[in-house]
Amino acid sequence: MADRPAPEHVAAWRALLTAHADLTERIDGALRHAGVIPLRWYDALLCLYEAPERRLRLAEMARAALLSRSGLSRLVDRLEAAGLLTREPCEDDARGAYAVLTPDGLQALRRCWKVYGPQIEALVGRRLTAGEARRLRKLLGRLLGPEARGSRSS
């Protein structure tokens with residue numbers, strides 16, 4: 001088979017998947033232990049925090065949070081029930097809606113970051129030099145390609 005990947009490429013792919021799964025599991029565990037919002041919630045709320053007026057169309061939020069529309073819908077339902085965001089109708093599209101970060105959502109982000117930030121430092125910052133971290137970011141950016149880099153801030 002001509003399209004068979006080189007063994008070192010397969011090994012790199014598996015290492016990337018394993019590192020992602022392990023690190024996110026550890027961080028989520030630390031967040032659970034601290035009694036703050038889960039990592040998935042943090043990521044979704046951060047998309048709103050970084051958006052103009054701290055609001056996004058639901059379709060834009062799904063892309064930014066790397067979720068399917070149905071996955072985002074379920075997550076938005078939970079975040080809304082927790083009071084961390086509200087939905088507002090789109091004035092120019094009767095079928096569309098915005099997700100808007102609430103003050104409680106902002107506070108949840110801040111409480112979570114007090115645990116999440118130190119976890120990043122413990123799991124990445126203490127294991128990689130600043131130069132290694134820059135190289136890793138550059139390498140991962142190359143894997144994403146220009147189409148993905150244009151749609152997500154890095």
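This is a predicted model: local features need pLDDT of at least 70, side-chain atom pairs count only at pLDDT 80 or more; totals for chains, interfaces and linings use all residues.

Color by secondary structure and walk from the N terminus: the elements run α-α-β-α-α-β-β-α-α. That's six helices and three strands, taken as DSSP runs (H or I of at least four residues for helices, E of at least two for strands) and numbered from the N terminus. Residues are numbered from 1 along each chain as its sequence is written.

Next, select H1 together with helix H5 (residues 103-125): they pack at an angle of about 145°, with axes 10 Å apart. Axes here are lines fitted to C-alpha atoms over the stretch in contact, and angles run from 0 to 180 degrees between N-to-C directions. Show side chains where they meet: H1 residues including Leu 23, Ile 27 and Leu 31 face H5 residues including Val 115, Tyr 116 and Leu 123, with contact meaning heavy atoms within 4.5 Å.

Now pick Trp 13, Leu 16, Leu 17, Leu 136, Leu 140 and Leu 143, which make a nonpolar surface patch of about 570 Å². Helix H1 (7-34) and helix H6 (130-149) each give two or more residues to the patch. Zoom in on Leu 16, in helix H1: it counts as partly exposed because its relative accessibility is 32%, and that class lies between buried (under 20%) and exposed (over 50%), using a 1.4 Å probe and protein chains only.

Finally, zoom out: of the 154 residues, 30% are buried.

Key. Side-chain values use heavy atoms; hydrogens and water are left out. Patches are made of residues with over 30% relative accessible area and no salt bridge: like charges are joined within 9 Å, nonpolar side chains (Val, Leu, Ile, Met, Phe, Trp, Tyr) within 5 Å. Accessible areas come from the Shrake-Rupley method with a 1.4 Å probe; for residues, only the protein chains shown count as cover. A salt bridge is a side-chain nitrogen of Lys or Arg within 4 Å of a carboxyl oxygen of Asp or Glu.
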